[in-house]
Amino acid sequence: MDSAKLLEAIIDHAIDGIITIDNRGLIESINPAASSLFGYSDQEVIGNNVSMLMPEPDHSRHDSYIDNYKRTGHKKIIGIGREVLGRKKDGTTFPFRLAVSEVWYKNRNIFTGFIHDLTREKAAENRLKKHAVELEQKVSERTKDLIMLVSELEKTKAEVSKSLEKEKELGQLKSRFVSMASHEFRTPLSSVQLSASLIDKYIEKPDFASVLKHTGKIKSSVQLLTSILNDFLSLEKLEAGVVTVNKQMINVVGLAEEITEEMQLICKKNQHIVYQHTGEVGLFMMDSNLLKNTVVNLISNAIKYSGEDTFIEFNTIIEDNICIITVRDNGIGIPEEDQINLFEPFFRAHNTGNIPGTGLGLNIVKRYVHLMDGLLEYKSAINEGAFFKMIFTQNK
């Protein structure tokens with residue numbers, strides 16, 4: 001009796017649920033822990049089929065579990081590899097692990113089910129999975145942030161590298177300018193100094209014809225020096241990226257006539273600039289300062305590289321929303337082998353000889369035309385002159 005009472009006390013106070021059923025699946029006993037888990041009193045379940053405590057699909061399959069147990073004769077934990085759920089009185093379910101064993105008692109077999117509630121373990125597992133997902137998401141976000149940071153660093157590195165390269169190029173350009181200037185400045189300055197000295201002597205005589213001759217040389221030398229300085233200042237602004245385009249509706253014909261008049265003053269003996277406009281309209285949307293600079297550079301080259309007693313053709317055409325500006329000369333021309341480098345800064349064709357120049361003019365022209373969204377075309381051959389064509393389009 002004492003052993004039976006002890007066993008009953010152990011079952012009643014067990015943490016896990018214990019249920020016994022007969023070989024037909026009818027519940028014979030249920031301990032307090034199992035009653036608490038399922039929410040039933042013992043009177044509500046005893047005598048009923050154990051399937052009342054199972055949701056689908058176990059509710060329909062419980063008999064096959066018993067048959068399988070009878071056939072194998074081995075204890076089996078249902079739930080390995082899949083989740084086993086119990087159905088409570090209120091219809092809710094909870095996860096558990098079920099161990100079933102057979103007990104022989106008074107010449108009959110009874111099946112005992114030991115129920116271990118997995119609710120806390122499952123909740124902890126779900127929290128762990130949720131935490132893992134959150135960590136994975138955070139890692140993914142941090143990875144993206146890191147990739148973005150690396151990308152920004154690479155971009156910054158590229159910008160710094162580009163900036164350093166640009167600074168290096170500017171340094172080289174300035175170095176080349178100093179070298180070029182020391183040579184190009186020397187000739188006109190020497191001419192100015194010599195002419196000034198000779199003027200002093202001619203005034204004493206007085207020889208006004210010679211004075212006028214040398215004052216002309218001084219003016220020409222000053223014009224050359226001004227041109228050199230303007231080219232370098234224009235290049236420096238372009239390299240620094242501070243040149244802005246200010247397009248306005250301008251009178252292209254009026255500007256062209258003004259340029260023609262100014263440039264005619266520095267032409268060689270019997271050199272003439274012939275200007276002609278085609279089109280009923282003379283107005284066009286353009287940056288007047290940049291346009292004047294490009295045309296002045298082209299006409300200056302035409303004057304320098306053409307001889308005396310020659311004509312320089314300067315034309316403007318405005319049709320609808322297109323403006324075409326051309327400059328043509330019949331000077332020394334550009335050798336075909338030099339044309340590949342024609343627009344490089346400081347480049348001068350090998351046939352220029354002692355003709356003064358910086359080699360910056362055409363580079364500036366091309367970049368100004370590009371800033372004004374225009375196209376620059378040219379055609380030239382040695383001893384056949386040069387032809388330059390600028391094409392601009394405006395939106396109506």
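**Exercise 1.** In which strand is the place of Thr112? Then decide whether Thr112 counts as buried or exposed, and list its contacts.

*Solution.* The model is predicted. Start with the strand: Thr112 lies in β6, residues 108-117. Next, take the relative accessibility of Thr112, which is 8%. Buried means under 20%. Thr112 therefore counts as buried. Last, the contacts. Leaving out residues up to four places away in sequence, Thr112 touches Ile18, Ile19 and Thr20, together with Ala99, Val100, Ser101 and Val103.

**Exercise 2.** Describe how helix α9 packs with helix α10.

*Solution.* Two packed helices are described by the angle between their axes and the distance between the axes. Helix α9 spans residues 288-304, and helix α10 spans residues 361-371. Their angle is about 150°, and their axes are 9 Å apart. That makes α9 roughly antiparallel to α10, because angles over 145 degrees count as such. The crossing of the two is left-handed. Now the residues. α9 contributes Leu290, Asn293, Thr294, Asn297, Leu298 and Asn301. From α10 come Gly361, Leu362, Ile364, Val365, Tyr368 and Val369. Sorted by class, this contact of α9 with α10 has seven nonpolar residues, five polar and no charged ones.

**Exercise 3.** At what angle do α8 and α9 cross, and which residues make the contact?

*Solution.* Take helix α8, residues 252-264. Its axis comes within 10 Å of that of α9, and the two cross at roughly 40°. The crossing is right-handed. On α8, the contact uses Leu255, Glu258, Ile259, Glu262 and Met263. On α9, it uses Ser288, Leu291, Lys292, Val295, Val296, Ile299, Ser300 and Ile303. By class, the contact of α8 with α9 has eight nonpolar, two polar and three charged residues.

Notes: Residues are numbered from 1 along each chain as its sequence is written. This is a predicted model: local features need pLDDT of at least 70, side-chain atom pairs count only at pLDDT 80 or more; totals for chains, interfaces and linings use all residues. Side-chain values use heavy atoms; hydrogens and water are left out. Axes are lines fitted to C-alpha atoms, for helices over the stretch in contact, and angles run from 0 to 180 degrees between N-to-C directions. Helices (H or I, at least four residues) and strands (E, at least two) are DSSP runs, numbered from the N terminus. Angles under 35 degrees count as roughly parallel, over 145 as roughly antiparallel, 65 to 115 as roughly perpendicular and the rest as oblique. A crossing is left-handed if the near helix is turned anticlockwise from the far one by less than a right angle, and right-handed if clockwise. Contact means heavy atoms within 4.5 Å. Ala, Val, Leu, Ile, Met, Phe, Trp, Tyr, Cys and Pro count as nonpolar, Asp, Glu, Lys and Arg as charged, and the others, Gly among them, as polar. Buried means under 20% relative accessible area, exposed over 50%, partly exposed in between (1.4 Å probe, protein chains only).
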